[in-house]
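Here are my notes on the model you sent over. Please read them with the structure open.

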Amino acid sequence: MIISSVSQGLVWGVLGLGIFLTFRILNFPDMTAEGTFPLGGAVVVTSLNAGLSPFLAMLLAALAGGATGLITGLLYTKGKIPTLLAGILVMTSCHSIMLMIMGRANLGLHQVTRLQDYLPFSDQLNGLIMGLALVILLIAGLIYFLYTDLGQAYIATGDNPEMARSFGIATNRMEILGLTVSNMLIAISGALVSQQDGYADVSKGIGVIVIGLASLIIGEVVYSVELTLLERLITIIVGAIFYQFLIASVIALGFNTNYLKLFSALILASCLMVPRLKAAIFKGVKLTR
């Protein structure tokens, strides 16, 4: 249970990293994620069944995710469609695209080599090592990117778009870039989850935003102090692992797994209320003094 929860948390943490780039840095509520996540799974499962290597299949999944983010960004910046509606339009379109790719609503992996099968250990340990290695590479890549001039321009766009434009930063391009990279990471997460589960399904994206936000919020609640960028990215992974432990505990207690989305929403709502409750408690303590 521990190894399984940690390995799943690492993979779902990649989703959290993708959502962090839009929700936290750009302040962009990107609903595209609910279409991009299962799209990544659909592309990788279809590619593996067609005989492609797992590395090429993962690349295709990432490119497919990047395309959805690019389209959302163009609808928002060029088409002047509101943020939520632009994401919902692309998310809805992804359902039909997945049906075209897979030819059905769900598709399983049939005697193919998955990415984790290249490691010589047990299936769970392979998933753990692969997830850890991928998370380290992605965090290192994000840190490098965000500390470049381009990355700083991207952060400035999220902090204050008007001021960023006054300094000559093309904010529309930064938003398109952020949405593209974010959805590439989300598609990679969906592709990894589908390989762990052994199948892809068009309904896998339902509620993934809640899971991704839970990873962000849980990490922020656990580490409520000021954090560096590296520490903040690490807390997202820690939050994703902690979330998987909570879900595993719910299952172990015998609750109906059909209600996992409800439990996810309750966990997220509880975490969102913790800072306000803490502030109210400490305020009450000060008043009594």
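This is a predicted model: local features need pLDDT of at least 70, side-chain atom pairs count only at pLDDT 80 or more; totals for chains, interfaces and linings use all residues.

1. **Helix 2 against helix 4.** Two packed helices are described by the angle between their axes and the distance between the axes. Helix 2 covers residues 33-49, and helix 4 covers residues 83-102. Their axes come within 9 Å. They cross at roughly 10°. Angles under 35 degrees count as roughly parallel, so helix 2 is roughly parallel to helix 4.

2. **Who makes that contact.** Helix 2 contributes Glu-34, Gly-35, Thr-36, Pro-38, Leu-39, Ala-42, Val-43 and Thr-46. Helix 4 contributes Met-91, Cys-94, Ile-97, Met-98, Ile-101 and Met-102. By class, the contact has 10 nonpolar, three polar and one charged residues.

3. **A stacked ring pair.** The count of aromatic pairs comes to four. One of them is Trp-12 with Phe-37, which is stacked. The centres are 4.9 Å apart, with 20° between the planes. Trp-12 lies in helix 1 (residues 2-26) and Phe-37 in helix 2, so the pair ties together parts that are 25 residues apart in sequence. Both Trp-12 and Phe-37 are buried.

4. **A tilted ring pair.** Phe-55 and Tyr-118 form an aromatic pair that is tilted. Here the figures are 5.2 Å centre to centre and 45° between the planes. Phe-55 belongs to helix 3 (residues 54-77), while Tyr-118 sits in the loop between strand 1 (106-108) and helix 5 (123-146). The pair therefore links parts 63 residues apart in sequence. Tyr-118 is partly exposed, at 47%.

5. **A lysine over a ring.** Lys-204 lies over the face of Tyr-199. The distance to the ring centre is 4.2 Å.

6. **Positive phi at Asn-27.** Most residues other than glycine have a negative phi. Asn-27 has a positive phi, near 55°. Where is Asn-27 placed? It is in the loop between helix 1 and helix 2. Its relative accessibility is 53%, so Asn-27 counts as exposed.

7. **Positive phi at Gln-111.** Gln-111 also has a positive phi, near 50°. This residue is found in the loop between strand 1 and helix 5. At 85% relative accessibility, Gln-111 counts as exposed.

Terms used. Residues are numbered from 1 along each chain as its sequence is written. Side-chain values use heavy atoms; hydrogens and water are left out. Axes are lines fitted to C-alpha atoms, for helices over the stretch in contact, and angles run from 0 to 180 degrees between N-to-C directions. Helices (H or I, at least four residues) and strands (E, at least two) are DSSP runs, numbered from the N terminus. Angles under 35 degrees count as roughly parallel, over 145 as roughly antiparallel, 65 to 115 as roughly perpendicular and the rest as oblique. Contact means heavy atoms within 4.5 Å. Ala, Val, Leu, Ile, Met, Phe, Trp, Tyr, Cys and Pro count as nonpolar, Asp, Glu, Lys and Arg as charged, and the others, Gly among them, as polar. Rings of Phe, Tyr and Trp (its six-membered ring) pair if their centres lie within 6.5 Å; planes under 30 degrees apart count as stacked, over 60 as edge-to-face and the rest as tilted. Buried means under 20% relative accessible area, exposed over 50%, partly exposed in between (1.4 Å probe, protein chains only). A charge sits over a ring if NZ of Lys or CZ of Arg is within 6 Å of the ring centre and within 35 degrees of the ring normal.
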